[in-house]
Amino acid sequence: MKYGLPFDENVLCFILFASIIGYNFVKYFGLAKLHRRSMASWLRAIALFSILCFMIMCYFVFKLELNTILIISGFGAVTFMYAIPFLPKRFFVDKHHNLRSISGLKVYLIGLVWAGVTVLLPLINENYAFDEDVILTFIQRFIFIIALMLPFELRDLKYDSLKLGTIPQKIGVNRTKILGVLLALVFFFLEFLKTHLIGHYVLIQLAITFILILFTVFSKQDQSDTYTAFWVEGIPLVWLALELIFND
């Protein structure tokens with residue numbers, strides 16, 4: 001909608017099923033590997049569901065442009081290496097030897113993949129010529145995702161190994177909140193650097209920035225899972241709803 005491109009169900013369906021596979025792979029690969037001889041029924045169900053999603057995803061891959069598939073391969077490789085041991089032990093903080101266990105790297109990898117998939121991928125598939133506005137949108141999305149993850153980082157502070165070097169572990173709870181507020185403000189004000197400034201998009205950015213700041217400020221270590229897994233996780237859906245309302 002933002003770049004005046006037609007609706008492409010192939011790209012959206014691919015991203016949907018690839019996201020399910022990527023999430024389940026990163027979250028449950030270790031458990032499945034650990035309990036491969038006696039997998040719990042729920043873990044087996046997730047594995048079967050993921051296989052089904054993989055088959056559907058493969059169908060949509062062949063409907064994408066070649067350049068899109070090449071970019072997907074790059075992001076897929078990062079997702080794969082996020083969970084799979086592949087480099088020497090000296091690079092890592094624990095025995096897993098994957099990108100996730102490199103101190104302080106996790107949040108930036110997630111931001112990079114999410115920003116690439118949600119901004120660059122649809123534009124590349126439509127052969128859209130990249131300009132400064134596209135680069136700024138990519139940077140905005142990366143910053144937005146980093147800020148969006150901070151409440152999760154605060155929630156997981158009591159569970160994460162100190163070796164992970166998460167942002168709250170490095171700078172503390174209060175400074176993490178301040179960082180989140182600053183990132184949200186940068187996310188908003190980058191909109192004014194764009195060549196094509198559209199009024200209602202600025203208002204939407206302002207609303208999302210306010211909501212993001214609000215949830216960041218009220219984040220805490222002992223917060224309920226509902227706070228992050230429903231309310232914070234739902235901010236992009238609020239963003240989408242506003243886009244649909246204003247573009248109706």
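**Exercise 1.** At what angle do helix α5 (residues 132–155) and helix α8 (residues 199–217) pack, and how far apart are their axes?

*Solution.* First, some ground rules. Numbering starts at 1 along each chain as its sequence is written, and side-chain values use heavy atoms, with hydrogens and water left out. This is a predicted model, with local features needing pLDDT of at least 70 and side-chain atom pairs counting only at pLDDT 80 or more, while totals for chains, interfaces and linings use all residues. Helices are DSSP runs (H or I, at least four residues), numbered from the N terminus.

Step 1: For α5 and α8 you get about 25 degrees, with the axes 9 Å apart.

Step 2: that angle makes α5 roughly parallel to α8 (under 35 degrees is roughly parallel, over 145 roughly antiparallel, 65 to 115 roughly perpendicular, the rest oblique).

Step 3: get the hand. α5 passes α8 in a left-handed crossing (near helix turned anticlockwise from the far one by less than a right angle; clockwise is right-handed).

Step 4: list contacts (heavy atoms within 4.5 Å). From α5 come Gln 140, Phe 144, Ala 147, Leu 148 and Pro 151, and they meet Gln 205, Ile 208, Leu 212, Phe 215 and Thr 216 of α8. Sorted by class, that contact has seven nonpolar, three polar and no charged residues. Here Ala, Val, Leu, Ile, Met, Phe, Trp, Tyr, Cys and Pro are nonpolar, Asp, Glu, Lys and Arg charged, and the others, Gly among them, polar.

**Exercise 2.** Which hand does the crossing of α8 and α10 have?

*Solution.* Step 1: α8 and helix α10 (residues 235–246) pack at about 160 degrees, axes 10 Å apart. So α8 is roughly antiparallel to α10.

Step 1: their crossing is right-handed.

Step 2: on the α8 side, the contact residues include Tyr 201, Ile 204 and Ile 211, while α10 brings Val 238, Trp 239 and Leu 242, among others. The tally for this contact is 12 nonpolar, two polar and one charged.

**Exercise 3.** How do the axes of α5 and α7 cross, and how close do they come?

*Solution.* Step 1: the axes of α5 and helix α7 (residues 173–189) come within 9 Å and cross at roughly 155 degrees. The two helices are therefore roughly antiparallel to each other.

Step 1: this crossing is left-handed.

Step 2: by class, the contact of α5 with α7 splits into 12 nonpolar, three polar and one charged.

**Exercise 4.** Which residues line the largest cavity?

*Solution.* Step 1: set up a 1 Å grid over the protein atoms alone; a cavity is a set of points where a 1.4 Å probe fits but cannot get out, and lining residues have an atom within 4 Å of a point. Points join across faces, edges and corners, and volume is the space filled by probe spheres set on them.

Step 1: the count is one cavity of 30 Å³ or more, and the largest cavity holds about 40 Å³.

Step 2: its lining is Lys 2, Thr 137, Gln 140, Arg 141, Phe 187, Lys 194, Gln 205 and Trp 239. α5 gives the most, with three residues. By class, the lining has two nonpolar, three polar and three charged residues.

Notes
Axes fitted to C-alpha atoms, helices over the stretch in contact; angles between N-to-C directions. 1 Å grid on protein atoms, 1.4 Å probe; cavity = no way out; pocket = protein on both sides within 12 Å on 5 of 7 lines; lining within 4 Å.
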